[in-house]
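Here is a short note to read with the model open beside you. Take the points in order and find each residue as you go.

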Amino acid sequence: MSDERYNSILTAEDCNTDVNAETGVLDQSMLSSGQPDNCGETTLLSQNMYGDYYSYGEQQQVTSQLGPKDQLIRLNTGEIFEIQPNAVLNMGRIPTNQICVLNNPSVSGLHAQLISTGAMCMISDNRSTNGTFVNDDRLMPSVMTALNSGDYVTLGNEIFQYWRT
């Protein structure tokens, strides 16, 4: 059965949100004065595109020695993001995000948030248009999910791999 919403472009709701400066947590009640230049619209992926676009089993696994810190690797570019203990990292298309994915319309402005407690890393979806996935599991919005070394994190159609060494 066809669902019309999978063939349209939606404005990202999270482009009009802000992050609390004291806690570093997304605060839906703090509206920005305007949208970031490149936030614009988020392209909603086809319902079938997720399964057809890639398969986790087909992804080349990163096996090199990564050092003592937690890291998130952007698989299509090889870009490595170091995750410091007790860090709060915003992920998405807005240039001020600590993990920024420019020029990918399937990724929302403030797509997800990654939190490191030093003992573990957790991620939550910020009500993104196309969702946040850990491996094949779609995250519920605003619910923290623990990451394990080797997990795949997907924002829209952008795939990262998390490593703890």
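The points below cover a serine, an aromatic pair and the cysteines.

1. Ground rules. This is a predicted model: local features need pLDDT of at least 70, side-chain atom pairs count only at pLDDT 80 or more, and totals for chains, interfaces and linings use all residues. Residues are numbered from 1 along each chain as its sequence is written, and side-chain values use heavy atoms, with hydrogens and water left out.

2. Where S149 sits. Look in the loop between β13 (145-146) and β14 (152-155). Strands here are DSSP runs of E, at least two residues, numbered from the N terminus. S149 is partly exposed because its relative accessibility is 39%; buried means under 20%, exposed over 50%, and partly exposed lies in between (1.4 Å probe, protein chains only).

3. What S149 meets. Leaving out residues up to four places away in sequence, S149 touches Y162, W163 and R164 (contact: heavy atoms within 4.5 Å). A polar atom of the S149 side chain lies 3.2 Å from the backbone nitrogen of R164.

4. The aromatic pair. The whole structure holds one such pair. F81 and F160 are tilted, at 6.3 Å centre to centre and 55 degrees between the planes. Rings of Phe, Tyr and Trp (its six-membered ring) pair with centres within 6.5 Å; under 30 degrees is stacked, over 60 edge-to-face, the rest tilted. F81 is in β6 (residues 80-83) and F160 in β15 (residues 158-163), 79 residues apart. Both are buried.

5. Cysteines. The disulfide count is zero (cysteine sulfur atoms within 2.5 Å). C100 is buried at 18% relative accessible area. C121 is buried too, at 0%.

Definitions and conventions
Helix = DSSP H or I, 4+ residues; strand = E, 2+ residues; numbered from the N terminus. Polar contact = N/O pair within 3.5 Å; in protein donor to acceptor, adjacent residues only side chain to side chain.
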